[in-house]
Amino acid sequence: INMAEEASTSTSQRQGLTSRLLADKTSSVLCFLRMITLWNSAIYSLPFIGSRAGFYRSLVAYVLVSALRAKQRLPRFEFSRTFFQQMVLEDSIHYLLYSINLLNSFPLSLMLVPISLFSVMHVVSFIKSLRDSLSSSMANRVSRLSQLLEANSMQVYRIIAFAEVIIMPVTIIAVFLGSGSLFVPLLHYQFLILRYMSRRFPYTRFMFAEMRSSIEQIAARPTCPSIIRQILTGAVKLVSRMAPTAEYSMPERP
């Protein structure tokens, strides 16, 4: 009898899960694509056996994620200034540019950090919304993981923002070493401008402010060599001049 009840419960859960997935096809597809991003990021990052193809498959999957998210969040296309202003402020458009740009870059694990962390948070959030259709043990594991991510969300966002910023000098160095295209840092600079102005993700602005404060503290130390102080001060002034103005708003998850 117990076995029959368990089989009936399992069948009911599968049917309920299938119904939930079919009821929200777009979110289901987004979750599937994000899982592809995570899987291929893991394949690429494995030492000794990592596949370069995994790097590019991760980015292609996230191009599709970003395009679908943009379709969800933006109004119907119209050739107007208002639409284009709204489009450039949309975070999914930012990551559409990011992913397409890095498809032309040399592979580097750091470049997969932002899309992987965003994917983890969204996948866990989506699976948590299906907890009524999951087994009790699975629902409990997902709930604990969701609580862990929520408790550390600020740190996760700071890691994402740090990766977004630090990729810029990495791509510039790659150009000078002859292993990267000049268009990659140029387009990444445009990406950083969009992220700096983001209404929903202020952490990139916060990271720039933190890095500036840290660099100024290093330059102000008496033990800092004069040449290093001049380089650091000049770099801060250059980045400050290149930074756009942005208004602060309450953060949301992209």
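Begin by selecting Glu90, which is buried, with a relative accessibility of 8%. The model on display is predicted.

Select Arg195 and Asp91, whose closest N and O atoms are 3.3 Å apart in a salt bridge. Arg195 belongs to helix α9 and Asp91 to helix α5, so the pair ties together parts that are 104 residues apart in sequence. Both Arg195 and Asp91 are buried.

Now move to Ser92, in helix α5 (residues 91-102). The side chain of Ser92 makes a polar contact with the side chain of Glu90, at 3.1 Å. Ser92 is buried, with a relative accessible area of 9%. Apart from residues up to four places away in sequence, Ser92 touches Ser66, Arg69 and Ala70.

Which residue meets Arg212 in a salt bridge? Select Glu216: the two side chains meet at 3.0 Å, N to O. Glu216 and Arg212 are four residues apart in helix α10 and are therefore separated by about one helical turn. Glu216 is partly exposed at 37% relative accessibility, and Arg212 is partly exposed at 42%. Elsewhere, salt bridges that share partners join Arg73, Glu90 and Arg200 into one network. The structure holds seven salt bridges.

**Ser58 in α3**

Select Ser58, in helix α3 (residues 52-73). Is Ser58 buried or exposed? Ser58 is buried, with a relative accessible area of 0%. Display the backbone of Ser41 as well: the side chain of Ser58 reaches its backbone nitrogen at 2.9 Å. Setting aside residues up to four places away in sequence, the residues touched by Ser58 are Thr37, Asn40, Ser41, Leu112 and Ile115.

For the aromatic rings, select Tyr62, Tyr95, Tyr98, Phe118, Tyr157, Phe191, Phe201, Tyr203 and Phe206, which form one aromatic cluster. Across the whole structure, a search finds 14 aromatic pairs.

Then select Phe162, in helix α8. Phe162 is partly exposed, at 39% relative accessibility. Leaving aside neighbours within four places in sequence, Phe162 is in contact with Met207 and Met211. The C-alpha atoms of Phe162 and Met211 are separated by 9.1 Å, while the two residues are 49 apart along the chain.

**The nonpolar patch**

Switch to a surface display and select Leu182, Phe183, Leu186 and Leu187, which form a nonpolar patch on the surface. Together they have about 420 Å² of accessible area. Leu182 sits in the loop between α8 (153-176) and α9 (183-196), and counts as exposed at 53% relative accessibility.

**The whole protein**

Eleven helices and zero strands are present. Of the 254 residues in the protein, 34% are buried. Among contacts between residues at least 6 apart in sequence, 71% join residues at least 24 apart. The protein exposes about 15,100 Å², and carbon and sulfur atoms supply 64% of that area.

Technical notes. Residues numbered from 1 in each chain as written. Predicted model: local features only at pLDDT ≥ 70, side-chain atom pairs only at ≥ 80, totals over all residues. Heavy atoms only, no water. Patch = residues over 30% accessible without salt bridge, like charges linked within 9 Å, V, L, I, M, F, W, Y side chains within 5 Å. Areas by Shrake-Rupley, 256 points an atom, 1.4 Å probe, with all protein chains shown as cover. Salt bridge = Lys/Arg side-chain N within 4 Å of Asp/Glu carboxyl O. Helix = DSSP H or I, 4+ residues; strand = E, 2+ residues; numbered from the N terminus. Buried < 20%, exposed > 50% of the residue type's maximum accessible area, 1.4 Å probe, protein only. Phe/Tyr/Trp six-rings, centres within 6.5 Å; stacked < 30°, edge-to-face > 60°. Polar contact = N/O pair within 3.5 Å; in protein donor to acceptor, adjacent residues only side chain to side chain. Contact = heavy atoms within 4.5 Å.
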